[in-house]
Amino acid sequence: MDSILVTGNGPLNGQIPIAGAKNACLTLMPATLLSEEPLTLTNAPRLSDIKTMTALLQSLGAEVSALQDGQVLAMSSHNLTSHTADYEIVRKMRASNLVLGPLLARFGEAVVSLPGGCAIGARPMDLHVEGLEALGAEIELKDGYLHAKTSGGLKGAVHEMRFASVGATENIVMAATLAKGTTVLKNAAREPEIVDLVECLRKMGAQISGEGTSTIEIQGVDRLHGATHQVVTDRIELGTYMLAPAICGGEVELLGGRMSLVDSFAAKLNAAGIEVTETANGLKVARKNGRVRSVDVVTEPFPGFPTDLQAQMMALMCTAEGVSVLEERIFENRFMHAPELVRMGANIEVHGGTATVTGVGRLKGAPVMATDLRASVSLILAGLAAEGETTVSRVYHLDRGYEHVVRKLEGVGAKIERIKGQ
Ligand code: EPZ
């Protein structure tokens, strides 16, 4: 297994290009199942999760071609051979469950393995099931698989979700595009990735309104046609790299960034003493002098502070002046980066869903282990600002969500290299 060696070496300066959003691409790809005509995605990120979704769609008989070094995904599902998403693939990536809604809508049946738990939590699918049953699906759990079917097709309905689940919103909206009649989805998630999905579905002929708000209305249509869609910028990669000049000092421009993708996160950085400004090409982040101020963080559904930036923000707070309280309200076990940061000299106390971080002057480099996708990059950020060398092991977690990390950080002056595993 590869590892990454980082050496703290002062301020960072320059530009970092931000890729297309992993979490948008992972819901846009299953959308190809809704039409027998081709769907092409541009600005796709080159990530192992995208390869996993590609393998899943191909296991169903869909054609998926990665063109232009993986930045273009040309897909077609005009002759599927299976409607079963196998455990072997789903257990590797929870987002595989996003084939459920499209398969049900187009073929009236789907068999999708429950993903099983993952490092950050149990991550059940009850909200997906409730929403699809409201549209008339009959779903039963057998041998770890959800067996879903509809006799006579899905029917539009009014449904209020108990929690604004991102994945459940995506499955229900995709299913509703081909249901008979109108669906009103209340307490829908408002993430930019959902807005991007709806914009793509609209290009395919879907009739949807309200995306980005808590109420999404879908007028079912008989069929959807093909389209070409550009994947929205990845707000989590954007926020992650905004923290690089914040924790190291210097000034970095994030190409392709937009303030509207990271409003609440940028507000927190401003409160901590970091300058965030929009430029013609993206976002510029600067930390001129003095220590960062500690700020409190509560993770919430969009437009609140993103849970996917909590680990990275904790790394910054470890070096800030004062005490920061970080409350993780989305997942039940998302502080596994804390003990690794403590190995680097951080002062963190975790009680349940709350972490209290007392800033220390400077962290010390140490060998640490990545435990999940966002924790891995949190350790890299800490290593960039630490004294001495930090080796982050198990970087396969990183490859799931960040393309060319070493190249992007080297480009702004970081001392970082990937060490091939034996
Ligand atoms: C999406 O996961 C993202 N993944 C996650 O990003 C992100 O952390 C999460 O949304 C929250 O923003 C993708 O988009 C592929 P949820 P998802 O359904 O859809 C509970 C990353 O690092 N829940 O909004 O699975 C669930 O257990 C990943 O890129 C139920 O209880 O998130 C969790 O506690 C990590 N029942 C909370 O809701 C359900 O049926 C949020 O889950 C569904 C979810």
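Visitor: What makes residues of domain 1 and domain 2 count as being in contact?

Guide: Contact means heavy atoms within 4.5 Å, and by that criterion 24 residues of domain 1 are in contact with 20 residues of domain 2. The model is predicted, so local features need pLDDT of at least 70, side-chain atom pairs count only at pLDDT 80 or more, and totals for chains, interfaces and linings use all residues. Residues are numbered from 1 along each chain as its sequence is written, and side-chain values use heavy atoms, without hydrogens and water.

Visitor: Why is the pair Arg400 and Asp49 called a salt bridge?

Guide: The term requires a side-chain nitrogen of Lys or Arg within 4 Å of a carboxyl oxygen of Asp or Glu. The closest N and O atoms of Arg400 and Asp49 are 2.7 Å apart, so the pair qualifies. Between domain 1 and domain 2 the count is three salt bridges.

Visitor: What makes strand β7 and strand β9 a pair?

Guide: Strands are DSSP runs of E, at least two residues, numbered from the N terminus, and two of them pair if DSSP finds at least two bridges between them. Strands β7 (residues 109-113) and β9 (residues 145-149) share five bridges in the antiparallel sense, and therefore pair. Within β9, His147 is the bridge partner of Val111.

Technical notes:
Helices (H or I, at least four residues) and strands (E, at least two) are DSSP runs, numbered from the N terminus.
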